[in-house]
Amino acid sequence: MSGDVILLGLAGVIASGAPIVLAAIGETLSERAGVINLSLNGLIILSAMTGFWVAIETDSIFLGFLAGALVGALVSTIVAFSSITLKQSQVAVGFILTITCRDLAYFLGNPIMGRQGPIMFSTPIPLLREIPIVGPVFFQQSLMSYFSMFLIFLAWFWISKTRPGLMLQGIGEKPAAAFVRGANVLRMRYFYTILGGALVGLAGPLYTLSVKPGWKGTITGLDGIGWIALAITIFGGWNPIRVAFGAYLFAFLQWLGLVLQSTWTFIPSQVLQVAPFPLMILTLLLVNLGNTEWMERLLATLPDGIRNWVRKLIRSLRSQPPAALGTPFERQ
Amino acid sequence: MKQAQSRSLSALFQIGGLILAFGFVTIILLLVDADPIEAFRLIWQGAVGNSSRIASVLVVWVPLALVTCGVLVTFTAGLWNIGIEGQITLGAIFTTGVIRLFLDTPVSPVFVIILSILAGMVGGAIWAALAGVLKVFGGVNEIFGGLGLNFIATALNIGLIFGAWSRPGVASMSGTEPFPEIYWLPTFQNFRFSWYSILLSVIGLVVIYFLLQGTHFGLRLKAVGKGIKSAFRLGIPTWQHMMLSFLICGLFAGLAGALQVVAVYHRLIPAISSGYGFMGLMIAMLINYQAIWVAPIALFFAALNIGGIQLPIVMKLDSTLSGVLQGSLVLFILLMQGVKQRVLGKQ
């Protein structure tokens, strides 16, 4: 494989990782506020269909993305309303929505199956694109791909360096304490769930208008992406930078699978396509091991030197959810 | 008196949810320029229009009732067994494997069928146990462990259909080579359903009803589901109960998968679980986890599924409309339940 092909492949990894970054960062914002939005998988498929449809009808890629974001915001409003206001199980509502949105997308998308639509091409950035290696990989992307890269740092900066970001951490960790300090917990949870949902809603059109152009019904190949994004949110420990790393890592592994497929033809392609999923379980296992009781007991039996080393390793991998994740907030 | 009042109030909110769901689907149909009344009529006709359609509804009812029974057990223990789809698939794989093992042997087909069904149940239980081990000992949330295992099960299934078990000459999405008829579970006359499958489902329904309502085990499971810490303090071995609930659910899912092979398809096909696992989860939520309602609501969902098949044929609509209707029913009834609690709580 020549250098150019590898660079092209890596640029493809950044491009195909972009929608997962958008979805996982959106979910991170929502979960940081204490709301699990489990509707991701269906939401991405529905926004992908809607965005493509609007883009065909209006011949505007921008309106396509806007429609996707609106669908995301709307579905997430249902999640927010049922969990924050009606105090129903977030997991239950999210699961129902993920199934229903998917079926709805296939039903409504029937007439536009296989139609030609606008495609968002890459917009190389002058000067930056000339940098060796970095240029062709990072700076010959589509506008949405740049936006997703920018979003990583924006979300990180917002959460960890600003006052409202600190407040956001508060309502996810100790909502009662944040409430005492004057935070409107319910309103902020609504805000972040809907904002996060809108970002997830951008991921769908990014597929149908750029990464995997077109709408082909059930074989569009988007089923499963949302679940991956949810797992990556956990893998990333609710930290935007680590979450983004997880998203690009996933895209990289998928690309690797494709490359291997052409050399190892004896493995059925379906098997390599799902290879990321066992890896997902393994990584979740790795980040969670440190939280289990028996690991603590096992560590206690090890000699001091090794124990400290292992503990450090586990701690660096461990990810802990926001303390109030999934629980409704009651004003006492 | 008060109880009767609150019960009728509950029913009122449920009917409200029903109306909202049908209203929502009506709007969706108007959006695509379809006649809603015609669509609903078609679904109804498609489900009960003639005896072979009713038989098809029963064919779908069997796995739906079984998996719903299974997830009731995990739900009672407070677990979200999303891995149910993979557990159905593994059941089907194990069953197919056993039948293939005995294909050209003189062993009695009756014995082979029974053995293969039992193997299917074991297969489902093994896959469920994996999700359980990941949850209990690995700290991996059962939703993500289960989802990952679903995808792996699908890969395994497709890998077998296109690899080791592929049809001689042409491996294809149509599945493995169909078994000789002696290995089929006998069906009723020329219809597609088998009384044996129906019987197994009814036994499953009865077992689950009594297990959850009338045994100490059911009571302890409920305690675990309500709160692990307090159940542990009460002296209930919590992780053992969680594992057991996974195993029982896996047995039911495996049985559903086994019957899909021996009674319906007579071979392994790529989409062998047909999404019935997820539908079972939805039904369980819709009936508020009460075992007594499994049979009728599973029948209703099965009827919607079969009825929906007519939509693309007659009206050029996608059959996923049935899924939209099922999903919005569950969603709106759940929302109305929340509204009811809010309204009553305020008084």
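This is a predicted model: local features need pLDDT of at least 70, side-chain atom pairs count only at pLDDT 80 or more; totals for chains, interfaces and linings use all residues.
Begin by colouring chain B by domain. Domain 1 is made of residues 1-34 together with 320-347, and domain 2 of 57-209 together with 243-316. Between the C-alpha centres of domain 1 and domain 2 of chain B, the distance is 30 Å. Next, select the place where these domains of chain B meet: 10 residues of domain 1 are in contact with 10 residues of domain 2. On the domain 1 side of that meeting, 7 residues are nonpolar and 3 are polar, with no charged residues.

**Helix H11.** Now select residues 276-286 of chain B, which form helix H11. Is this helix mostly covered or uncovered? Helix H11 of chain B is mostly covered, as 11 of its 11 residues are buried. Among them are B:Tyr276, B:Phe278, B:Met282 and B:Leu286. Then move just past the end of H11(B) to B:Asn288, where phi is positive, at about 55 degrees.

**The side facing chain A.** Finally, display both chains. Contacts here join 38 residues of chain B to 37 residues of chain A. On chain B, the elements that each supply two or more residues to this side are helix H5 (109-138), helix H6 (142-162), H11 and helix H14 (321-346). Which of these elements of chain B gives the most? Select H14(B): this helix gives the most, with 12 residues. To finish, colour the chain B side of the contact by residue class, which shows 24 nonpolar, 12 polar and 2 charged residues.

Methods. Residues are numbered from 1 along each chain as its sequence is written. Chains are lettered from A and ligands numbered from 1 in the order in which they are written. A residue is buried if 20 or more other C-beta atoms lie within 10 Å of its own, exposed if 12 or fewer, and partly exposed in between; C-beta atoms are placed from the backbone. Helices (H or I, at least four residues) and strands (E, at least two) are DSSP runs, numbered from the N terminus. Domain bounds come from an automatic or database domain assignment. Two residues are in contact if their C-beta atoms, placed from the backbone, lie within 7 Å. Ala, Val, Leu, Ile, Met, Phe, Trp, Tyr, Cys and Pro count as nonpolar, Asp, Glu, Lys and Arg as charged, and the others, Gly among them, as polar.
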